[in-house]
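The following paragraphs guide a reader through one protein chain. The sequence and the model should be kept in view while reading.

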Amino acid sequence: MSIERTFSMIKPDSVRKNVIGQINSMIEKAGFKIIAQKMVHLTMRQAEHFYDIHKDRPFYSDLCNFLSSGPVVAQVLSKDNAVSDYRKLLGSTNPLEAEEGTIRKAYGESIDYNAAHGSDSPETALREISFFFNNLEIFDR
């Protein structure tokens, strides 16, 4: 096992529901350290750039509209096996299929409004982290 970083984003639906603290509590109780965090409101162009990996998929436009519909909380998390462990903590993309005790089961509404995002690989984590943060904003502790 090795300490790694992953990217987390609390999406606009969760920010609107004012459950940022509850989600952060779940993250910390699962052994993650939040080593960077900020709230930002992405423009449509920024949302399109962030999710450009999905640009050929039918849900791309709706996804970008949603992501730019309100503020998000961008985070860098640190832990042994952070990427895979955070994906487990997130739960299934569809909250109706997510296991009890996961973020999406607790706070997601639907496959479109599913509370939070997490990187799917260490390589993706590096790209997503650098999209939101520079090295001066990340604090290993």
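In which segment does Arg141 lie? Arg141 is found in the segment after helix 7. The model in which this residue is seen is a predicted one. Apart from residues up to four places away in sequence, Arg141 touches Glu28, Lys33, Ile34 and Ile35.

Four strands make up an open sheet, arranged in the order 2-3-1-4 with antiparallel pairing. Strand 2 (33–40) and strand 4 (116–118) are the edge strands, each of which pairs on one side only. On average, neighbouring strands of this sheet are turned by 20° against each other, direction ignored. In general, the strands of a sheet pair through backbone hydrogen bonds, in either a parallel or an antiparallel manner.

Two of these pairings can be followed in detail. Strand 1 (residues 3–10) and strand 3 (residues 72–80) run antiparallel and are joined by eight bridges. Arg5 has Ser78 in strand 3 as its bridge partner. Strand 1 is also joined to strand 4 by three bridges, again with the two strands running antiparallel. Here the bridge partner of Met9 is His117 in strand 4.

Helices lie across this sheet. Helix 2 (residues 20–29) lies across strand 1, strand 2 and strand 3, and runs at about 160° to strand 2. Helix 7 (residues 122–132) lies across strand 1, strand 2, strand 3 and strand 4, at about 55° to strand 1.

Which residues of helix 2 are buried? They are Ile20, Ile23, Asn24, Met26 and Ile27. These residues are on the same side of helix 2, because they cover an arc of only 155° around the axis. An α-helix has 3.6 residues a turn, so residues three or four places apart point the same way. The buried residues of helix 2 pack against strand 1, helix 1 (12–16), strand 2, strand 3, helix 5 and helix 6. Helix 2 is followed by Gly31, which has a positive phi near 95°.

After helix 5 comes Gly91, with a positive phi near 90°.

The aromatic rings give a further view of the chain. A pair of aromatic rings is described by the distance of the centres and the angle of the planes. In this model the count comes to eight aromatic pairs. Phe50 and Phe131 form one that is edge-to-face, with 5.3 Å from centre to centre and 65° between the planes. This pair links distant parts of the chain, as Phe50 belongs to helix 3 (residues 44–50) and Phe131 to helix 7, 81 residues apart. Phe50 counts as buried because its relative accessibility is 0%, whereas Phe131, at 25%, counts as partly exposed.

Why is the pair of Phe66 and Tyr113 edge-to-face? The ring centres of Phe66 and Tyr113 are 4.8 Å apart and the planes stand at 85°, so the pair is edge-to-face, a class that requires planes over 60 degrees apart. Phe66 lies in helix 4 (residues 60–67) and Tyr113 in the loop between helix 6 (103–107) and strand 4, so the pair ties together parts that are 47 residues apart in sequence. Phe66 counts as buried at 8% relative accessibility, while Tyr113 is partly exposed, with a relative accessible area of 37%.

Ring pairs also link Phe7, Phe50, Tyr51, Phe131 and Phe132 into a cluster. Rings meet charged side chains as well: the charged end of Lys38 sits over the ring of Phe133, 4.9 Å from its centre. Lys79 lies over the face of Phe32, at 5.3 Å from the ring centre.

Definitions and conventions
Residues numbered from 1 in each chain as written. Predicted model: local features only at pLDDT ≥ 70, side-chain atom pairs only at ≥ 80, totals over all residues. Heavy atoms only, no water. Pairing = 2+ DSSP bridges. Axes fitted to C-alpha atoms, helices over the stretch in contact; angles between N-to-C directions. Contact = heavy atoms within 4.5 Å. Phe/Tyr/Trp six-rings, centres within 6.5 Å; stacked < 30°, edge-to-face > 60°. Buried < 20%, exposed > 50% of the residue type's maximum accessible area, 1.4 Å probe, protein only. Lys NZ or Arg CZ within 6 Å of the ring centre and 35° of its normal. Arc of directions from axis to C-beta.
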